[in-house]
Amino acid sequence: MNPNPELVAQSQQFEKQVIELAPGVYGAVGFAASNVYMLIGDDGAVIIDTTETTKAAENIKAEFRKITDKPFTTIIYTHSHRDHISGATVFAEEGQPEIIASDNFESDLVVIEQRHPAPGKALMARTKRQFGMSLSFPDERVNLGIGPGDRPMEGMGAGFMAPTLHITDDKTTITRAGITLELVKAPGETPDHIVVWLKDKEVLFSGDNFYSSFPNLYAIRGTPYRDFNAWADTLDLLLGFNAKVLAPGHTMPVIGADKITGVLSDYRDAIKHVVSQTVEGMNKQLGPDVLAHSVSLPDSLANKPHLKEFYGKVSWSVRAYFAGTLGWFDGNPTNLGSLSPQQRADKTIRLAGGADSMLVSVKKAAQDNDHQWVLELTDHLIAADKHTRDAKTMKVAALRALADTEINATGRNYYLLSAKELEDTLD
Ligand SMILES: [Zn+2]
């Protein structure tokens, strides 16, 4: 394996460390998929987010306990994604802390799982691929794009505690352990986001509305439509705080007002650019397949380290915007009655001069490193059940080759775990 060097370099963001962001304010980065923050007050401490596993939460708590022995009296969830809410029992220790979240606290995962009938199995299989669950580290799973590749897995999802206080107003000021915090509703990666503003020390805890990667406007595990415009508006809201420290849900904190203004403006501009270019194309009657290839960020944004496609991806976002606004139909009447994959495969193979001839083309494409074409041709052979074993073997190799060129960690993981799953069908 020879992973994309930019993706490998991104792993520097996930070195395990506890960072003092301001007097009495600490962030634990690199211990889990997501960051945990601790704010030490007079007679207690506030925890913001709790990671995805009880084991990672225990490791972080052990580090925090080297700094203070004050009880963790309040836990705030920035949003309901599982990588932020699953270590609460660890921080609760013996007591029952207050747990604060938005009044619309509900994960997009839960939305999918609770549908009737729920496509929960599909979501589970795709989630495993997105995060490269059973891949080896570091050869296969380099990192998560916005988190380390080698986090503990014990107690995954086990430490969730339900919120005890739901925030209903757009802005709520609370004082806990002598610390005054503004909790502000900030829909973005999820509709249920709240950000936390520590005004005294000018520290803004942004949840997942910012991390150092192009934003994940669509998660390939499967997700309901994420509201692009709401996220862009929220970035304007975050800019309005003029924070000196930006403490994100993932990746390293950003220090310095000018730097924070720069990254948040870039983030907003990137989202708005994708929306405007996609809408312009849609209004020219172009479909998602065309737009996924034609919409891109200008170099001035695309080259920024905090907009590299380690986690979100522009082309997937374009497709998500199209599907989220106009739905699945691309507008081309041909696609109102598409052939089944097997019908298309049979006809295409015949057109190519038969299955033997198509297999020759597959091998030629592989030699030319035209891996996407290998995938598309082998899918025809597999759908038609012709040279199936050879086609699957060639597809596995192409998936692995694409994984190594891919800068997006979720894409890389998805290719590699899919390759493994397909390889298993050859036994
Ligand atoms: Zn997250």
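How many bridges join strand β11 to β12, and do the two strands run parallel or antiparallel? Strand β11 (residues 203-207) is joined to β12 by four bridges, and the two run parallel. The model is predicted: local features need pLDDT of at least 70, side-chain atom pairs count only at pLDDT 80 or more, and totals for chains, interfaces and linings use all residues. Residue numbers start from 1 along each chain as its sequence is written.

View 1. Helices (H or I, at least four residues) and strands (E, at least two) are DSSP runs, numbered from the N terminus. Two strands pair if DSSP finds at least two bridges between them. Opposite P248 in β12 stands G207. Together with helix α7 (residues 228-239), β11 and β12 make a right-handed β-α-β unit; right-handed denotes that, with the strands pointing away from the viewer, the path from the first strand over the helix to the second runs clockwise.

**View 2. The two covered faces of β12.** In a regular strand the side chains alternate between the two faces of the sheet. Strand β12 (residues 245-248) is covered on both faces, with V245 and A247 buried on one side and L246 and P248 buried on the other. A residue is buried if 20 or more other C-beta atoms, placed from the backbone, lie within 10 Å of its own.

**View 3. The β12-β13 hairpin.** Strand β13 (residues 254-255) runs antiparallel to β12 and is joined to it by two bridges. V245 stands opposite I255 in β13. Five residues lie between the strands of this hairpin, and T251 in the turn has a positive phi of about 65°.

View 4. Six strands form an open sheet with mixed pairing, in the order β8-β9-β10-β11-β12-β13. Because β8 (171-176) and β13 stand at the edges with a single partner strand each, one side of each is left without a neighbour in the sheet. Strand β8 is joined to β9 (residues 179-185) by six bridges, and the two run antiparallel. The bridge partner of R176 is I179 in β9.

View 5. The domain assignment, from an automatic or database source, gives domain 1 (5-266) and domain 2 (339-424). Their centres, taken over C-alpha atoms, are separated by 38 Å. The contact takes 16 residues from domain 1 and 10 residues from domain 2, two residues being in contact if their C-beta atoms, placed from the backbone, lie within 7 Å. On the domain 1 side, α1 (5-10) and α6 (120-131) are the elements that give two or more residues.

Definitions and conventions:
Buried ≥ 20, exposed ≤ 12 C-beta atoms within 10 Å, placed from the backbone.
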